[in-house]
Amino acid sequence: MKDLENILSKFRLQGNVASIKPFGSGHINDTYKITNGSGHAPDYLLQRINHHVFRDVAGMMNNVFEVTEYAKKKLKRLGYQDINERILSLIQTTGGENFSRDGDQYWRVFEFIDLKSYDLAENTDQVYEGAKAFGMFLYLLDGFPIDKLVITIPNFHNLYFRLEQLNQAVEQLKVSKTKTALSEIREELSLVKKHADSLCEIQRLTDRRILPLRAVHHDTKFNNVLLNKQNKAKCVIDLDTVMPGVMHSDFGDGIRTGAATADEDELDLDKVDLDVEKYTAFTTGYLESAGEILTVVEAKHLVESTLLFPFMQGVRFLSDHIMGDVYYKVKYPGHNLHRARNQFHLFKQVNKRRKDLQSVIDFNISFSI
Ligand code: ADP
Ligand code: GN1
Ligand code: MG
């Protein structure tokens with residue numbers, strides 16, 4: 001607590017610190033809510049940045065600063081009055097930096113936005129609103145000069161790379177562990193083998209520059225959008241992975257979590273499915289906000305992204321399980337394996353409905369572009 005107070009003293013905060021409490025359920029950073037003792041000053045959100053994941057902290061924080069400034073200006077031009085609730089506000093250090101380094105720890109502070117995030121959407125209204133906010137984020141950053149952005153995690157959504165990571169993990173497992181460890185994941189590995197090539201299509205189109213590069217969020221998990229009490233979505237958060245990429249990352253990952261019937265931690269696979277109503281709500285909301293800036297080729301490949309993201313997330317969780325849970329925070333041994341099974345199951349459910357999902361996209365696209 002004293003240490004955290006010391007960290008906070010490095011930032012330009014108003015008022016005084018009344019309490020510091022762990023906050024949220026993200027997998028990557030450590031987050032604390034700072035309640036202000038002064039009624040006239042805002043609460044804050046303090047985060048210890050995971051610099052094992054984000055190697056170039058200064059570059060990443062510069063990305064966050066640049067995109068939030070750009071989005072703020074655009075929101076102003078569009079006439080929004082509630083800009084502080086619509087985009088994160090980074091608090092600078094007393095020395096005018098975007099983050100503070102303390103030994104091998106890196107810290108940052110945002111203004112706390114008093115809205116709520118949900119690991120799992122409770123209803124289709126929330127999904128529609130969340131999707132509108134994610135689509136709006138893409139829209140706000142349309143035209144952003146992407147060469148200003150550093151790549152915060154190389155090959156982040158490159159399926160070829162994620163498959164290679166899995167491959168290497170399995171090779172290590174073969175030499176170091178028992179046969180049981182390998183037989184435990186046989187089914188998952190055979191599913192991966194079966195679908196890997198067709199699901200690399202988005203990456204092939206990206207590499208050939210057929211899909212345009214934009215400033216993309218890259219982590220449109222449903223708990224990365226804040227909603228108000230009336231379920232209106234206001235703000236997209238967790239901007240660490242904003243970098244050049246294809247919009248399919250945001251659409252696909254948004255559907256993966258926003259339109260699922262259960263979250264990634266659900267153990268009962270019978271409960272894990274794609275909720276077609278939520279899927280429709282997400283597609284409608286997202287395309288209402290972003291449809292007008294999409295190219296025909298982007299629109300044509302949307303449905304593939306709904307298959308790619310549960311599949312790729314399964315590959316990522318499975319690799320982490322084999323490597324000994326070095327990346328995602330886990331609550332018990334085997335957690336990442338269960339998450340992988342959950343995501344592969346979701347992938348199969350989405351795959352079964354591909355035709356219906358395409359029809360929903362076609363219907364919404366005809367209205368927006
Ligand atoms: P992680 O990368 O670990 O997911 P996030 O940046 O998403 O970290 O933050 C974790 C949680 O903290 C979010 O899910 C959200 O509930 C909350 N949160 C993040 N930023 C803010 C903010 N500015 N105001 C209020 N809550 C926030
Ligand atoms: C991580 O940070 P968080 O919890 O929003 C991960 C995402 C995964 C997600 C799976 C930087 O997101 O890519 O899809 O977990 N973020 C990073 O739950 O790897
Ligand atoms: Mg998050």
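## Magnesium site

A residue counts as buried when its relative accessible area is under 20%, as exposed when it is over 50%, and as partly exposed in between. Keep that scale in mind as we walk through this structure, which is a predicted model.

Let's start with the metal. The magnesium ion (ligand 3) is coordinated by N224 through OD1 and by D238 through OD, at 2.3 Å. These two residues bring together distant parts of the chain, 14 residues apart. N224 sits in the loop between strand 7 (214–216) and strand 8 (225–227), while D238 belongs to the loop between strand 9 (233–236) and strand 10 (243–245). How accessible are they? N224 has a relative accessible area of 5%, so this residue is buried. D238 comes out at 24% relative accessibility and therefore counts as partly exposed.

## The largest pocket

The magnesium-coordinating residues also turn up in the next feature. The largest pocket holds about 850 Å³ of space. Its lining is made of 44 residues, and those nearest the centre are G26, N223, N224, I237 and D238.

Sorted by class, the lining of the largest pocket has 18 nonpolar, 14 polar and twelve charged residues.

For the second largest pocket, the volume is about 730 Å³. There are 31 residues in its lining, and H52, V53, D320, V326 and Y327 are the closest to its centre. Strand 3, strand 6, helix 5 (159–176) and helix 12 are the elements that give two or more residues to this lining.

Which element gives the largest share of the lining of the second largest pocket? That is helix 5, with six residues. By class, you will find twelve nonpolar, eleven polar and eight charged residues in the lining of this pocket. Domain 1 (2–111) and domain 2 (124–365) each supply at least three residues to the lining of the second largest pocket.

## Salt bridges

The model has 20 salt bridges in total. In one of them, the side chains of R48 and D30 meet with N and O 3.0 Å apart. This pair also links distant parts of the chain, as R48 is in strand 3 and D30 in strand 2 (residues 30–36), 18 residues apart. R48 is partly exposed at 24% relative accessibility, and D30 is partly exposed at 25%.

D253 pairs with R256, their closest N and O atoms being 2.5 Å apart. Both residues lie in helix 9, three residues apart, about one turn of the helix. Are D253 and R256 buried or exposed? Both are buried. Elsewhere, salt bridges with shared partners join D82, E85, R86 and K234 into one network. Within that group, R86 forms a salt bridge with D82, with 3.0 Å between the closest N and O atoms. R86 has a relative accessible area of 21%, so this residue is partly exposed.

Definitions and conventions. Residues are numbered from 1 along each chain as its sequence is written. Chains are lettered from A and ligands numbered from 1 in the order in which they are written. This is a predicted model: local features need pLDDT of at least 70, side-chain atom pairs count only at pLDDT 80 or more; totals for chains, interfaces and linings use all residues. Side-chain values use heavy atoms; hydrogens and water are left out. Donors are N, O and S atoms within 2.8 Å of the metal (3.2 Å for Na, K and Ca); water is not among the atoms, so sites may look incomplete. Helices (H or I, at least four residues) and strands (E, at least two) are DSSP runs, numbered from the N terminus. Buried means under 20% relative accessible area, exposed over 50%, partly exposed in between (1.4 Å probe, protein chains only). On a 1 Å grid over the protein atoms alone, a cavity is a set of points where a 1.4 Å probe fits but cannot get out, and a pocket is an open set with protein on both sides within 12 Å along at least five of seven lines; lining residues have an atom within 4 Å of a point. Grid points are joined across faces, edges and corners, and a volume is the space filled by probe spheres set on the points. Ala, Val, Leu, Ile, Met, Phe, Trp, Tyr, Cys and Pro count as nonpolar, Asp, Glu, Lys and Arg as charged, and the others, Gly among them, as polar. Domain bounds come from an automatic or database domain assignment. A salt bridge is a side-chain nitrogen of Lys or Arg within 4 Å of a carboxyl oxygen of Asp or Glu.
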